[in-house]
Amino acid sequence: MTKLNINGKVRDVEVESDTPLLWVIREQVGLTGTKYGCGVAQCGACSVHINGEVMRSCSIPVGTIKATDRIVTIEALSANRSHPVQKAWLAVDVPQCGYCQSGQIMSAAALIAANAKPSDADIDAAMAGNICRCGTYPRIRAAIKRAAGMTTADLREVLTGTET
């Protein structure tokens with residue numbers, strides 16, 4: 001039995017230690033916002049936050065995660081889409097097909113929490129590992145800039161797991 005802190009709730013899961021975190025999140029816990037894309041940590045669709053750092057859940061074996069690690073999925077970023085990045089995504093009309101968007105949003109939220117006023121170069125570097133087949137990169141950059149103009153206190157709380 002493995003204990004995982006996912007979205008502020010400690011969960012007992014019974015899986016092999018080499019099972020990717022992505023499959024635990026989706027299949028064992030039932031949180032399907034985190035997507036499977038490539039399976040080799042290259043596309044970003046499976047991005048989650050672990051202890052405030054954006055990570056690719058498809059390449060993280062559950063056995064490497066400690067019970068004290070805080071895992072945050074797209075579902076916990078905001079219960080009602082009020083997170084600054086989510087608001088900006090809607091305002092700028094970023095998604096087309098939407099498949100990559102949860103990973104894009106998780107990466108953008110981590111970027112803004114770490115760097116309140118990212119430059120274009122900062123955004124490009126932080127988002128380079130996220131692939132959008134629809135090519136909405138200019139809108140993604142615009143949404144990140146818009147979200148960066150909003151408060152980052154809530155972002156830090158969510159990423160560090162101190163949200164109440």
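Entry 1: I started in the loop between α3 and α4, where D93 lies. This is a predicted model, so I treat each angle here as a computed value. D93 is not a glycine, yet its phi is positive, near 60 degrees. The residue comes just after α3. I reminded myself that most residues other than glycine have a negative phi. I found N7 in the loop between β1 (2-6) and β2 (9-13). Is N7 buried, exposed or partly exposed? Its relative accessibility is 24%, so N7 counts as partly exposed.

**Entry 2: α3 against α4.** Next I turned to the helices on either side of D93, which sits in the loop between α3 and α4. I kept in mind that two packed helices are described by the angle between their axes and the distance between the axes. For α3 and α4 I noted an angle of about 125 degrees, with the axes 9 Å apart. The two helices are therefore oblique to each other, and α3 passes α4 in a right-handed crossing. Which residues of α3 meet α4? I listed V85, Q86 and W89 from α3, facing Q101, Q104, I105, A108, A109 and I112 from α4. I then checked burial in α3 and got P84, V85, Q86, A88 and W89 as its buried residues.

Entry 3: I picked out Q104, which is found in helix α4. Its relative accessible area is 1%, so Q104 is buried. Setting aside residues up to four places away in sequence, I see Q104 touching W89, M127, N130, I131, C132 and I140. What does S102 contact beyond its neighbours within four places in sequence? I wrote down G33, T34, K35, A45 and I74.

**Entry 4: α4 against α6.** I followed Q104 onward, as Q104 is among the α4 residues that meet α6. The axes of α4 and α6 come within 10 Å and cross at roughly 40 degrees. That makes α4 oblique to α6, and I logged the crossing as right-handed. From α4, Q104, A108, L111 and I112 take part, and they meet I140, I144, A147 and A148 in α6.

**Entry 5: α6 itself.** I finished with a length check. Helix α6 runs over residues 137-148, twelve residues in all, so at 1.5 Å a residue it should span 16 Å. Its end C-alpha atoms are 16 Å apart, which agrees. Which residues of α6 are buried? I140, A143, I144, A147 and A148 are. They cover an arc of only 135 degrees around the axis, so they lie on the same side of α6. Last, I asked what covers the buried residues of α6. The cover includes α3 (84-92), α4 (101-114) and α5 (120-127).

Conventions: Residues are numbered from 1 along each chain as its sequence is written. This is a predicted model: local features need pLDDT of at least 70, side-chain atom pairs count only at pLDDT 80 or more; totals for chains, interfaces and linings use all residues. Side-chain values use heavy atoms; hydrogens and water are left out. Helices (H or I, at least four residues) and strands (E, at least two) are DSSP runs, numbered from the N terminus. The expected span of a helix is 1.5 Å times one less than its number of residues. Buried means under 20% relative accessible area, exposed over 50%, partly exposed in between (1.4 Å probe, protein chains only). The arc is that of the directions from the helix axis to the C-beta atoms. Contact means heavy atoms within 4.5 Å. Axes are lines fitted to C-alpha atoms, for helices over the stretch in contact, and angles run from 0 to 180 degrees between N-to-C directions. Angles under 35 degrees count as roughly parallel, over 145 as roughly antiparallel, 65 to 115 as roughly perpendicular and the rest as oblique. A crossing is left-handed if the near helix is turned anticlockwise from the far one by less than a right angle, and right-handed if clockwise.
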